[in-house]
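Please read the sequence and look at the structure shown here.

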There are 6 protein chains.
Amino acid sequence: MEISVSRKAHFNAAHRLNIPSWSEEENKAFFGVCNNGNFHGHNYDLIVSITGEIDPITGYLTDMKWLGQVIKDKIEDRFDHKNLNLDCEEFKTLNPTTENIAVVIWNILRKEIPSHHQLKVTLYETERNFVEYNGN
Amino acid sequence: MEISVSRKAHFNAAHRLNIPSWSEEENKAFFGVCNNGNFHGHNYDLIVSITGEIDPITGYLTDMKWLGQVIKDKIEDRFDHKNLNLDCEEFKTLNPTTENIAVVIWNILRKEIPSHHQLKVTLYETERNFVEYNGN
Amino acid sequence: MEISVSRKAHFNAAHRLNIPSWSEEENKAFFGVCNNGNFHGHNYDLIVSITGEIDPITGYLTDMKWLGQVIKDKIEDRFDHKNLNLDCEEFKTLNPTTENIAVVIWNILRKEIPSHHQLKVTLYETERNFVEYNGN
Amino acid sequence: MEISVSRKAHFNAAHRLNIPSWSEEENKAFFGVCNNGNFHGHNYDLIVSITGEIDPITGYLTDMKWLGQVIKDKIEDRFDHKNLNLDCEEFKTLNPTTENIAVVIWNILRKEIPSHHQLKVTLYETERNFVEYNGN
Amino acid sequence: MEISVSRKAHFNAAHRLNIPSWSEEENKAFFGVCNNGNFHGHNYDLIVSITGEIDPITGYLTDMKWLGQVIKDKIEDRFDHKNLNLDCEEFKTLNPTTENIAVVIWNILRKEIPSHHQLKVTLYETERNFVEYNGN
Amino acid sequence: MEISVSRKAHFNAAHRLNIPSWSEEENKAFFGVCNNGNFHGHNYDLIVSITGEIDPITGYLTDMKWLGQVIKDKIEDRFDHKNLNLDCEEFKTLNPTTENIAVVIWNILRKEIPSHHQLKVTLYETERNFVEYNGN
C-alpha cells in the first residue's frame, strides 16, 4: 500500500544562464534576457514528494517535521538569498537552468531520504514554468 | 484512450494525533503540538481524480455533477465541521494522520466509483503538506 | 535521466454542451445549465508538460520561450475569446467537454513537439474541475 | 468598532462587449477580441464585503451562511452558466464590461444587505483583471 | 508619504461557536455545524498590515524580519495547534468567531507595533471567508 | 460613481539591500541575508489599480489592453530580468527595498495615467511580503 507525501518549501535566489564555451552573442541569442551578465532572480517554490508505505503504528509515511527540517538544512539554507552561479559550488560549472537545479536538489535530498522511499522534486521557477524530476 | 478528470472539494475538521498504547510523554515527543489533547484543526482540501475512457457520445469520462454530489454525500457531509477522533467511527482506533485520512477517503469513494475507473485522492492538510493515494 | 518541464497558459472561451442527435429535453436533463443554448464561458487554464532528456550542453529539456510561443500560436490564438462551438472547426461535430478540449489540444500540440518528447496536457475548466491527458 | 467580513463566490458566463450605436468596425477596433459576435466567456470570481459593527452577543457582523445564501440566490443563480448579453435583462442595453457587471451586482445586493452595513464588491474577470466598487 | 507593508502568517486551530447563556437548541439553530460540541478546525491565514512613513535611510517602513518574529512570538506560538475555546484565555468568555479572533489579534499586536504606525489585520478562516479589522 | 480597476503584472529581478555609507558589518547586521554582495532575486508580482469614473458609453474606466501595454512598456521591459542595483538608474543611489521599488513604479506610472484617475500600486516581493502605495 504505497502513498506519497509532499511538502512545499521556498527559496529566493539570483542566477544567469550562460555557457562559457559559447560566445557572448551565442549566449545572448540562445538564452535572451536570462543571459543578463548582472544576474536576475526568482522566488523558487519547491515541492518534495516521498513515496513509500505508511507505518501501521504511527500512521505516518515519514515525519513531516523531520522532512521540513531536512529541506531547510540542506536546500533552503544552501540556496536561499544566494547567487546560484557565484555562491554555490554546484553551479560553478553547471548552467543553473530550472532543470539542472531540480536535479541538483534531487541528488542532495536523495542522500538524506531512506533508500526504501522514492523521491520526486517539483521546482517552480515562476508560477508558469516548472520542472519535475524523480531520478529515473 | 485514457484520461483523468479531477474535482476539488473541502472540509474543515478538528483532530489530534495520538497513539493510545504509548505514554503521554512518548506521544508528545513524537507528535509535538499535533498531540494537543484539546485538539486543533485544519481546512482540508481534497482532489478526487478518476481515470478511464471518454464516452464517445457524451464526451464525458464521468458526470462531474454526479461526482461532486458523491463527494458531498460521502465525504463532506461525513467529515466537515467534525472532530475526526470523536465524531468519526473510522478514527476511533486509527490515528487521523493525513495519510490515514486519505486512505479512508479512498476506501469510501472506491465503493461509489464504477470499478472500470481508477481512483486517486490528493488530500491537502495545509497548503504546504499533502498526500496522494491511488490504492496500489 | 528523464525530466518533465511544464508551462502554464490561458484562454477565455464560450461553449455549450449539446448532442445534436438527442432531444432538447434529453440534452437539458443530461447537461443541465451547461446546455444553455445561448452559451456560457470559462477561463481555461492550460498546463503543457513535456518529458525527455536534459541537453547536457544547455541544461534545457526544451526552450521554454519556444514552447510558450508554440502554445500561443497554436492554442491561445486559436481558442482565446472564441465560441468553441461556433468559431472552432474541431467542435462543430465534437461536444466541447473539458475532456474533448484536452484531447483536441493534445493532438494539435503533438504535431509541434519533437517525437522523442512525451506530451501531457492538463486543462482546468474551473479551479475545481480539471482534466489530464497524455495520449495513452 | 467597525469590521469587514468578506465572502467569495463564483459564476461562469458568456458575454461580448459591443456598443450598438457604433459600427462593426468601430466596435472591433475598440473592443478587439472581446467584441467577437459569437461571444466568449469567463469564470467570474466575486468577493462581497460587508462593513459594520460586531454584534456583542453573537460575535458576528453578519451570518455568513445567510450572506452565502443571498449571493447564491441573487447573483449565482441569476448569472451562472448564462449569456450575460442574451439571458440577463440588465445587459440588454448595458455593455457587460467588468465595471458594469460589478455595479449591477452591487445594486442587486444593496437591496438585500441591511442599510446600516456598507457594501463593497470585488469582481475578477480573470486572475489578472479585477474591479472594486463600493457605491460611492 | 505613507506606505503599507504586509506580511502573511498561518496557524491551525480548533474551535466551536457557542453562547453559554443560550440553550443547546438555540445555539444549534443559530450556529449550525459550527456549534459541534466536539469542535472542528481551520487553517487560519493572517495578513498583518502596517502603515506609516518609509525610513529615508534604510528604505524600510519596518523590518519585516522583526515583524515576522513578532507575529510568530505573539500570535502563531499562542494560537497554532491550539483549541481556541479551551486553550486560550481570550476565548474562555468570548465566542471565537473570525470577527472576534481578528479583534483579539489586533489588540495583541497593537501593543507591539510602534504607535506612529497604523495596524490592520486580515484573517482568513477559509479561502472563501475572511475578516478585516483596523481598530477604528 | 467611482470604481477601481486593477491589473496584475510580473517581473523577475535580482537585487541586494545595502547602504553604502554603512560599514559591511552594519549592513550585514541590519539586512542579513538580503545584503549578500553577489545578489539574490525575486519574482515580483505587481498589481496596478486605477480609480475613477466609468465612461457611460463604453462601460470602461480605462482600456485594460492599454493599461497592460503601459505596464509592459514602462515597468516590465524596464525591470524584468534585470539587476535592480546595477542595471537600473533609479536604484544606483536608492536602496531597492520593496517599499522603494513600489514608490519608483508609482512615480513612473503616475506620468502615464491621466491625472483625473487615482493610482495605487501593490507589489509582492514574495507571496508573504507585499507593499501598497497610493502616492499620499
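**Strands, charged pairs and cysteines**

In chain D, strands S4(D) and S5(D) form a hairpin, with two residues between them. Strands here are DSSP runs of E with at least two residues, just as helices are runs of H or I with at least four, and both are numbered from the N terminus. Two strands pair if DSSP finds at least two bridges between them.

This is a predicted model, in which local features need pLDDT of at least 70 and side-chain atom pairs count only at pLDDT 80 or more, while totals for chains, interfaces and linings use all residues. Residues are numbered from 1 along each chain as its sequence is written, chains are lettered from A and ligands numbered from 1 in the order in which they are written, and side-chain values use heavy atoms, leaving out hydrogens and water.

S4(D) and S5(D), the latter covering residues 129-133, run antiparallel and are joined by five bridges. Within this pairing, D:Thr122 stands opposite D:Glu132 of S5(D). S4(D), residues 118-126, is also joined to S2 of chain D, residues 40-53, by seven bridges, and these two strands run antiparallel. Here D:Asp45 has D:Tyr124 in S4(D) as its bridge partner.

Next come the charged side chains. Side chains of opposite charge can pair when their charged atoms come close. A salt bridge is counted when a side-chain nitrogen of Lys or Arg lies within 4 Å of a carboxyl oxygen of Asp or Glu. Over all chains, the structure holds 36 salt bridges. One of them links C:Lys92 to C:Glu89, with 3.8 Å between the closest N and O atoms. C:Lys92 is partly exposed at 45% relative accessible area, and C:Glu89 is exposed at 60%. For these words, buried means under 20% relative accessible area, exposed means over 50%, and partly exposed lies in between (1.4 Å probe, protein chains only).

In chain E, Lys65 and Asp63 form a salt bridge of 3.6 Å from N to O, and E:Lys65 is partly exposed at 45%. In chain F, Asp63 and Lys65 also meet in a salt bridge, at 3.6 Å from N to O; F:Lys65 is partly exposed, with a relative accessible area of 45%.

How many disulfides are there over all chains? A disulfide is a pair of cysteine sulfur atoms within 2.5 Å, and by this rule the count is zero. The sulfur of E:Cys34 is too far for a bond, because the closest cysteine sulfur, in B:Cys88, is 16 Å away. E:Cys34 is buried, at 17% relative accessible area. F:Cys88 is in no disulfide either, its nearest cysteine sulfur being that of A:Cys34, 16 Å away. F:Cys88 is buried, at 3%.
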